[in-house]
Amino acid sequence: MKRKILPLFILILTYSFAFSQVNITFQLNTETITPDPTGIFIAGGSGFGVPGDNQLTDPDGDGIYTITIQREQGFSSFYTFTNGNCGDFSCKENLATLPCGDPFNFNDRFLPPVMSDTTILACFGLCADDGSCTAVTDSVDITIELNAETLQSVDPTGLYIAGGEGFGIPGDNELTDPDGDGIYTTVIRKPVGFTSFYSYFNGACTDFQCKENIGGLPCANPGNFNDRFLPPVMADTTIRTCWETCNSDGSCTTIATDSIDITFELNTATITPDPGGIFIAGGGNFGDPGDNPMVDPDGDGIYTITVRQPVGFTSFYTFTNGNCPDYSCKENLTGLPCGDPNNFNDRNLPPVMSDTIVRACFGTCDSDGSCTIVTDSIDITFQLNTATIEPDPSGIFIAGGGNFGDPGDNPMVDPDGDGIYTITVRKAVGFSSFYTFTNGNCGEYSCKEDLEGLECGEPNNFNDRFLPPTLSDTTILACFGNCVSDGSCSATSTYGLTVDNTLFTLRPTIVNNFTNITFGEKAINQEKQIVLMSTRGQVLFTANLQNEYIYQLNTDNYPSGMYIISVRTRKNILSKKFLIQR
């Protein structure tokens, strides 16, 4: 029997195939706001871009704005709605302290993995999931009572509670003492389950210099600026505290704590000490450069300081060669085992249970103060092909990941002018990091390569590349903006499949409105996927097919230029270029 060929406009997408798509519809009720003339948008996370990229519309004028976005099955992302096209996200909805706002992701909403066509109902600024804009009414009153007995004098601008995700900045939430008994108080209404870090401030200081100092005390969280922590509040609650102590009844009874002496001895054999001094700083407990000077009374090059702290004290810290408030003179431990990449490459002091001497050497990880340089290191060379871009006059850079600095810090060079830019960095054995390339010295990363949706871009780390642990001298070959690993700048990859030149033909190759993809014998009766890409490797369109003999690709929505069409089956792949010319 002769096989029936399906009409061109029918796409069979019902098979469980690795590249299936889903439609995600967002319906946003704007009852709580006056829509901005520039529009309503969905933005944020790793999947929705910036305000202005994805506009919602209200064709029937009922105040319900909508958009449908097609994504791959299993797509997930944080997101938010914005009332206006504000590039700085200043017009985004405020979900701070609400259950649908994630405090660790800019208080954005979260879209779990979507496996089928889905409609999301929402209301601007509220957590109702039925689109009704019914405000959450379950709330609690939190009464703050701060005893100021231990405070020498109250600043004329007042006492404040601030910090964390829920209490704003100094000046937002003032505590008052109407009866003059020295107990300063305020009542703050929050949703049931509200939780936040917080601190007290003697004055409305936006630089946080007037906050209480409870560093080293048990009620201070060293990982959150030594702030206090308010656990989830489920009912009306009164919090009684005292300035700079940890008692929980507001009595200002000094808490007796077993304390210890921690002596730091720093060998400066690796540097020339700055005339401004040598300092220990950082970690939220040792202040800024200049606050804690180390001294060398006998002139032997060993600088020392002793600090008294509670038993169990722990903190990050660093040494600085000079009094530099911007930390530009701090030691560089990047890539070394004693530098924590998640904490500014600072050192970590584990909990100290007794009087202790910590011996160190500026810029190295030896623990005996001998300044023995760690030699167990490797050279990592990055070679970047810039065939896909016009290099910016300000330079090509490697950046990001907490180890490669900002654009401008690590310039790559092309001494022979062949378009291959290179840089070699020396790191510790086992070094690993995220990183990206930038075309220009853009402090805000606006000129970084775009790997969104590509396999080498990590969506949970700004779509940066990932360098796995490196154990020996290594050369990394790359191309700006795509994922080929041989530095060739070919926009396509075989993905482990066999290239088959008989898989399909393409006519015409100079295209106005459409081109026809005619499948060869090996592709007709197989599951297959069509992928349309830019020459930079950006995926523009996909379609999953089964038994088709021919497929007509509509090109009306794409601007003039060169494109690549790729057809993949379970075992084979073939890619061809074509030109759209209006």
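**An open sheet and its neighbours**

Three strands form an open sheet in the order β25-β22-β28, and their pairing is mixed. The edge positions belong to β25 (420–428) and β28 (474–479), each of which has a single partner strand, so one side of each is left without a neighbour in the sheet. The model described here is predicted.

**Geometry and pairing in the open sheet**

- On average, neighbouring strands of this sheet are turned by 20° against each other, direction ignored.
- Strand β22 (residues 377–385) pairs with β25 in the antiparallel sense, over 9 bridges.
- Thr381 has Thr424, in β25, as its bridge partner.

**Strand β19 and its partners**

- Strand β19 (residues 313–321) is largely enclosed by the rest of the structure, because 7 of its 9 residues are buried, that is, under 20% relative accessible area.
- Strand β16 (residues 278–281) runs antiparallel to β19, and 4 bridges join the two.
- Phe279 has Thr320, in β19, as its bridge partner.
- Strand β20 (residues 347–352) is also joined to β19 by 4 bridges, again in an antiparallel arrangement.
- The bridge partner of Tyr317 is Arg347, which lies in β20.

**The second largest pocket**

- The volume of the second largest pocket is about 1500 Å³.
- This pocket is lined by 47 residues, of which Phe225, Gly282, Gly283, Gly284 and Asn285 are the closest to its centre.
- The lining of the second largest pocket comprises 14 nonpolar, 23 polar and 10 charged residues.

Methods: Residues are numbered from 1 along each chain as its sequence is written. This is a predicted model: local features need pLDDT of at least 70, side-chain atom pairs count only at pLDDT 80 or more; totals for chains, interfaces and linings use all residues. Side-chain values use heavy atoms; hydrogens and water are left out. Two strands pair if DSSP finds at least two bridges between them. Axes are lines fitted to C-alpha atoms, for helices over the stretch in contact, and angles run from 0 to 180 degrees between N-to-C directions. On a 1 Å grid over the protein atoms alone, a cavity is a set of points where a 1.4 Å probe fits but cannot get out, and a pocket is an open set with protein on both sides within 12 Å along at least five of seven lines; lining residues have an atom within 4 Å of a point. Grid points are joined across faces, edges and corners, and a volume is the space filled by probe spheres set on the points. Ala, Val, Leu, Ile, Met, Phe, Trp, Tyr, Cys and Pro count as nonpolar, Asp, Glu, Lys and Arg as charged, and the others, Gly among them, as polar. Buried means under 20% relative accessible area, exposed over 50%, partly exposed in between (1.4 Å probe, protein chains only).
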